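Visitor: I would like to learn how to read charged pairs and surface patches in a model such as this one. Could you take me through them step by step?

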Amino acid sequence: SGIPIPPCTELLEKVGDVDRYEWKFPLIVQAGQEHAGIGLDRESVVRSKKALRVQVRKILATYNQPALVQSFLPGREFNVGIIGGKRPRVLPLAEVCYEDLPPEIPPIMSYAAKWIETSVEYKKTWVICPAQVEPELARQIGDIALHAFQAVRAWGYGRVDIRLDEAGTPRVLEVNCNASLEEGVALARSAEKAGISYRQLLQMIIDAAMEGPPYDVSMPMQL
């Protein structure tokens, strides 16, 4: 589908799979079927084949699922909110800022950064919305995010996470079809920057659900 993703993207089902591929370090290792930062921690970014084996083994043993391995991209990270059905709309970009983290902690949206309020990761990771981005880069990020959103047949609302590689090229990390709808943060925060109130946002999502396919009009419904 032509969607740019990080190089060296592989799903490893056993530790021995590490030797099947040529790797360019650093890499990031995470659980292939989890969300919300589960399985992402200070050891998730690896810089040697030995460390890669250790992290893959930990993911396989802890989560009983394949380990997703990708090149760790050094550039800026953006959250791209999208709402709508037949005519999806890209919301103002949000940028995740890791610059206040100490050097020993990798700049990633780990479980601690998301949920553990007492952690350094949580306290030192913050979001700017709207992001300060050059117009051409913003257009490129929005186009790629929308392409990825539509490629997985997302509908109604979602969030696409994008990071820049060493050349400044946007690459898709994730398409989240069940992004947080908490008021005042995340998708709702981006909507506010577009002049869309929280109540209007929810109504737009409901309207999209009733717009047509993939809404199943043959499904029996009771009020």
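Visitor: Is Asp17 buried or exposed?

Guide: Please keep in mind that this is a predicted model. Asp17 counts as buried because its relative accessible area is 3%, and the cut-off for that word is under 20%.

Visitor: Which side chain does Asp17 meet in a salt bridge at 3.7 Å, N to O?

Guide: As a general idea, side chains of opposite charge can pair when their charged atoms come close. Here the side chain of Asp17 meets that of Arg20, with 3.7 Å from N to O, and Arg20 is exposed, its relative accessible area being 59%. Lys14 joins Asp17 and Arg20 in a network of salt bridges.

Visitor: How many salt bridges does the count come to?

Guide: The count comes to 12 salt bridges. One of them links Arg139 to Asp143, whose closest N and O atoms are 2.6 Å apart; both residues lie in helix H4 (residues 135–151), four residues apart, about one turn of the helix. Arg139 is partly exposed at 44% relative accessible area, and Asp143 is likewise partly exposed, at 43%. Arg171 and Asp165 also form a salt bridge, at 2.8 Å from N to O, and Asp165 is buried at 8% relative accessibility.

Visitor: Which residues form a nonpolar patch on the surface?

Guide: Tyr111, Trp115 and Ile116 form that patch, and together they have about 310 Å² of accessible area. Ile116 lies in the loop between helix H2 (111–115) and helix H3 (120–124), and counts as partly exposed because its relative accessibility is 35%.

Key: Residues are numbered from 1 along each chain as its sequence is written. This is a predicted model: local features need pLDDT of at least 70, side-chain atom pairs count only at pLDDT 80 or more; totals for chains, interfaces and linings use all residues. Side-chain values use heavy atoms; hydrogens and water are left out. Patches are made of residues with over 30% relative accessible area and no salt bridge: like charges are joined within 9 Å, nonpolar side chains (Val, Leu, Ile, Met, Phe, Trp, Tyr) within 5 Å. Accessible areas come from the Shrake-Rupley method with a 1.4 Å probe; for residues, only the protein chains shown count as cover. A salt bridge is a side-chain nitrogen of Lys or Arg within 4 Å of a carboxyl oxygen of Asp or Glu. Helices (H or I, at least four residues) and strands (E, at least two) are DSSP runs, numbered from the N terminus. Buried means under 20% relative accessible area, exposed over 50%, partly exposed in between (1.4 Å probe, protein chains only).
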